[in-house]
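Trainee: Could you take me through a close look at one part of this model? I would like to follow a single residue and its surroundings, and then see what else stands out along the chain.

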Amino acid sequence: MADNFASGADLVEFLQTAVGLHQAGDLQEAERHYRSLLHQVPDNPDVLHFLGVLLHQLGRGNEAVEMIRASIDIYPSHPDVHSNLGNILKEQSRLTDAEECYRKAIDLSPNHVISHYNLAIVFEEQDKLVESIAEYRAVIDLHPDHNEARYRLGILLYKSGQLDQAVTSFREWLETEPDNPIALHMLAAWTGEDQPIRATNDYVRETFDQFAETFEKHLGNLDYQAPQLLIDVIQQFIRKPERMLNVLDAGCGTGLCGPLLRPYSGCLTGVDISSGMIEIARDRGIYDDLITAELTGYLKESVSKFDLVVATDTLCYFGDLKEVLNAMAAALHTGGFAAFTVEHATKTQNEAGFKLNKHGRFSHTEDYTQRVSKEAGLNVQAMAKAILRIEKNEPVHGLVVLASKSDS
């Protein structure tokens, strides 16, 4: 490695090499190159910026902030640098500081889409819904194909009680993308038109792929109880977890249930339709196998494979439970257990046994859940009402169910 640069061209070439290593994922070698550059040109704002981004990727957030602030001190007029600093501060939950960075980026470049989008998220996380809605609208004006902004805008309009505007927003979305599964599903939920008997695979996949990175943070704000509630009922029937069972985490998401299921599991498998969620679950290092697949189809291909199938907040994307519960029963050994949650609907809400709610999930009555479980060959051993989480300051009522597979 050269110790000195004979010319500006040498510096540019060496910086390009460092950036190439960075982009290729060789972060340790890239850091070595960046630091060698800084030794020669300590006031170069590009090197400081790129090194700050790299340090953030390495999980050294405070060092990253220091480097990028140094870059800004030298060259304060680059919107991307302010935006990247905002991203780091946002991940550190320093929302006021992140807001300031995004505002500065927008002042420097009013059409800086990513800063408008991230500023909208910062406002949303601070419950500044009016400001967040305005920023999502700005993103869509600048980038009409920005589906994440369209989705978040519609949901915020719904959450803020502006259902008519939410419907209008999603109808406008369908004008630009007629087959978008998220817009179609939410319009069915909000308007009651063309309601499906289950969410489509594309809707579930795209919804959770979009929010994989922020999923657990979101649940952390909801007092999420469903995994522990299921483990509590499992412990009533499987009292001595000895890592002996073949267990399926059905709709495993980011793997929140994995640590709770591991003591029971000789082999722990997770399946989810969202590849984004599966990748985060993989990082936990808890599962023996992780599979990206649609749940019902996977269960049908897994005849008599499992001792325990657990579905935590998964069946709320199915209205008619008959097919998925039949497949779940088929995937169990005789005497095996199915443990799952559903959101609870009272009889007065829907005599048919299930309904699609305006938040986009299905809820089910006790009688319906009991009946379709029995028809699938699952004998309900326990069914308890419980609060699964808190949304919009209101409890989400659910049923926690444990059933065993009968001999027949």
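Mentor: Happy to! Let's begin with Tyr 117, which sits in helix α7, a helix made of residues 113-125. Please keep in mind that we are looking at a predicted model. Tyr 117 has a relative accessible area of 11%, so this residue counts as buried, the cut-off being under 20%. Who surrounds Tyr 117? Leaving aside residues up to four places away in sequence, Tyr 117 is in contact with Tyr 136, Val 139, His 146, Glu 148, Ala 149 and Arg 152. For a sense of distance, take Gln 195: it is 78 residues from Tyr 117 in sequence, and their C-alpha atoms are 31 Å apart in space.

Ser 93 is found in the loop that links α5 (79-91) with α6 (95-108). Its phi is near 65°, a positive value, and Ser 93 is not a glycine. With a relative accessibility of 48%, Ser 93 is classed as partly exposed, because the exposed class asks for over 50% and the buried class for under 20%.

The relative accessibility of Arg 243 is 48%, so Arg 243 is partly exposed.

Definitions and conventions: Residues numbered from 1 in each chain as written. Predicted model: local features only at pLDDT ≥ 70, side-chain atom pairs only at ≥ 80, totals over all residues. Heavy atoms only, no water. Helix = DSSP H or I, 4+ residues; strand = E, 2+ residues; numbered from the N terminus. Buried < 20%, exposed > 50% of the residue type's maximum accessible area, 1.4 Å probe, protein only. Contact = heavy atoms within 4.5 Å.
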